[in-house]
Amino acid sequence: MIWGLRVLFGVSVLLLGAECRIHGGKTLIFHRAQQDESRGQVLPRSRRDTHSFPGVSKPSHGPPFTFCRLPLTPAEHEVLDDNTHEVVLVLSTLSAPVHSSHEGGSSRLYRSTDYGKSFHDISRSINHTFIKEEFGVSVGPGISVILTADTPVLNNPGGIIFTSTDAGATFKFIQLPFHLAQPITYHFSNPDYLVALSIDSGLWLSLDFGAKWAKVHDGVYSFSWGAGINLFFSCSRVDAVEAEERGDLILKRTKDLGKTFTIIHEDIYSFGYIGAFLFFSVMEDSRSPRVMYFSSDQGDTFSQALLPSASTEQFYSILDGDEDMLFLHVDNPGDTFFGTMYTSDDRGILFSKSLERHLFDGQRKSDFTNITSLRGVYLTNKLDMDGRIRSVISFNRGGSWRLLNKPENVKCGDNVRSCNLHIHGEHSRINRIVPMLALSEPTAVGLVIAHGTVGDSLSSSQHPDVFVSSDGGYNWRGTLRGPHHYSILDSGGLIVAVEAHPEGQVKTIKFSTDEGRCWKLYNFTEQPFFFADLASEPGTNAMTVSVWGFRPEEDGQPMWVAVTIDFQSLITRECNDNDYEAWLAHSTEGGDSERNGCVLGLKETYRRLKKQSVCRNGRSFEVKKQQSPCLCTRGDFLCDYGYYRHVNTSECVRQPNAANKTLEVCLNGEEDELLTAGYRKVPSDRCEGGFKPQLTEQTVRTCGTKPSPSPPAKSTSSVTHFDTPREKLVLILVCAGATLIVLTAIVSAVIAVRRVVYRHRAPIYRFSNLQIRDDTADQESGTSSNGTACQQDSDDDLIE
């Protein structure tokens, strides 16, 4: 059974079969009331800031568009009324800080086994203990969950956790030998393997789901699981905060769960792990800029990435990645709020420019979004030379970018120079212009829902509207006026939305069965309440949604409300074969029939629900598709390092600053050879035949290697002299014969090597060796540091 758990606004709620997704909204933290322990006290609601861009005085709507609204029949209304459940949650006490003077209080923990229709108070299972507000709940793979108690640090040997292996039905009390500095981290696939960082910078490991813990290292700054049971962490010989500022951290790895350690690199500033790549930035001295290193084999070998270095005013950010490639942003110097986006090869070494002037605002937030409903599609915003923010989309994993098409039902004014759709991203969400980001799901093929504005650039001078694309972002349609919270149900067969009222109360939910073309409205309650969250079961297979919120009582205390609506009772017919159609992804009208739909070397034809079909996909629905390879063209290749795409053509040409026809890549001071024709296939591209770039001859150059030491002097007694003419003639013949043999061997070897290289037609590298060192003794080190949360790009240098 699928399940999830979240802490909603200070209230701990456990949902069995439903995951609460926080889509924007205001986080309201409640504290225990002194005068009445049966209610919580709500903090004043702050006003949303819709004037976050300079020069904006009053929001207004953008270009008008028409949308379809169908009336709800009395029969449909009656069915929904019979299958709508309202639950009132009156909380007696809520989480209080550890230094609180209140005694006898506790967190309230509620559990639901029917997707939010009803809840049961299970606070007794955790002994009515206060649960941490910051990272009190950790959900792992399977049906495991960990609750962290809010215990004082002083006069306590360690913290307290409650573990559950049955989705919260029962909990086990565990006393920790340390105090947590951040949430406990699960292993990717084995929930019994846990890693934690203590407040004194100790790295702790448990192999039995928290029952027993062992310290594996001191002075740890951050950590991350790798493939298998590889565990990476950065540490320092001195104080970690100062070490991080100087770039003096050491990156280590353990392959045997803390028994032995290996140093991967010293003088690192930060590190992370994503997809199949380990990456870290290195500062060789305090005055030098940082450079990036990547490894695709768990740190056994690594090489410096061919990227611009980053000074103390700049940063690197891994935007996204998988086993094939990475998207990386390199910030521009100064407070420019933009940088350059690069895409990597499958080894994480050769990077090519993907997008210049990529937006990264002052709060170090990017609008970069992976559209998961269609392969290869990414969406982001860039800051143009005129200071305007414009949205661009890529359908081939960053190979090329273009502006979004104007929505089909929107007409732009005569004064607009270029009319395109621009999507609001994280930059707009943190400035409270939109309540949530673009939404897509792998099971809802081609479906994208997003807030946007239509014109020549992204604007906050007008209220954003909701737009929907059914083909992965090629074409768009205006669907709802004004900001909304939205969710995808039934694998895309049903969309629900609740209008975002910053100061008002809600009582109406909108739903569509044709991918947002027409909407019906349903009043789910007679008493409106302040909206807090729209929750649905993960995976989009369910047809049940819960609307969370609260009503203020006469005494000023909040009364929490959860209204659950089951649309399965309304849409009763199961879909059959006649309800589906074959849809060729990435296809365009009037295109070459042979190439139409070819993206990343494949044509993909999906079995997809027809828009006019009103039926249930059901929980057993699976995405079905047929793939066929396409012939390779230049579009299936990126320009290799040292080459660029010529203007208005698809040809890759050598950069003007290339010194000669030989392209050398010197990595880590070793001799390296790169054979290339200027092209490299886009990672994950599956084209076959067609265009085949020919490798050109390259020579080998030794880069930065140390000269060989002079041979030691020999004693005069061991020197052989050739004084007679016959002896000299013999010496000359022997030397000439030896020289001829050596030259013949060299020529044969070169020909053989070139044949092998040309047969494989791939760049040849020589990687640096891993610095091997046994650091078992470091387990006894007494150094410590301030620990922080470790994510794949968690610190200032590798931010999300």
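In which order do the four strands of the open antiparallel sheet that includes E10 stand?

**View 1. The open sheet with strands E10 to E13.** The four strands follow the order E10-E11-E12-E13, and their pairing is antiparallel, where two strands are said to pair if DSSP finds at least two bridges between them. Strand E10 (137–139) and strand E13 (172–175) stand at the edges with a single partner strand each, so one side of each is left without a neighbour in the sheet. From one strand to the next the twist averages 20°, an angle taken between N-to-C directions on a scale from 0 to 180 degrees, with axes that are lines fitted to C-alpha atoms. Within this sheet, strand E11 (residues 145–148) and strand E12 (residues 160–164) run antiparallel and are joined by four bridges, and Val145 stands opposite Ser164 in E12.

**View 2. The whole protein, as a setting for the close-ups.** This is a predicted model, in which local features need pLDDT of at least 70 and side-chain atom pairs count only at pLDDT 80 or more, while totals for chains, interfaces and linings use all residues. Residues are numbered from 1 along each chain as its sequence is written, and side-chain values use heavy atoms, with hydrogens and water left out. The secondary structure comprises four helices and 54 strands, which are DSSP runs numbered from the N terminus (helices H or I, at least four residues; strands E, at least two). Of the 800 residues, 52% count as buried, meaning under 20% relative accessible area with a 1.4 Å probe and protein chains only. Among contacts with a separation of 6 or more, 56% come from residues 24 or more positions apart, a contact being heavy atoms within 4.5 Å.

**View 3. The hairpin of strands E25 and E26.** Six of the six residues of strand E25 (residues 316–321) are buried, so this strand is largely enclosed by the rest of the structure. A hairpin of four residues joins E25 to E26, and E25 pairs with strand E26 (residues 326–331) in the antiparallel sense over five bridges. Tyr316 has Val330 in E26 as its bridge partner.

**View 4. The open sheet of strands E45, E46 and E47.** Three strands, in the order E45-E46-E47, form an open sheet with antiparallel pairing. Its edge strands are strand E45 (580–584) and strand E47 (625–629), each of which pairs on one side only, and the twist averages 20° from one strand to the next. Strand E46 (residues 602–609) runs antiparallel to E47 and is joined to it by five bridges, with Lys625 in E47 as the bridge partner of Tyr606.

Methods: Buried < 20%, exposed > 50% of the residue type's maximum accessible area, 1.4 Å probe, protein only.
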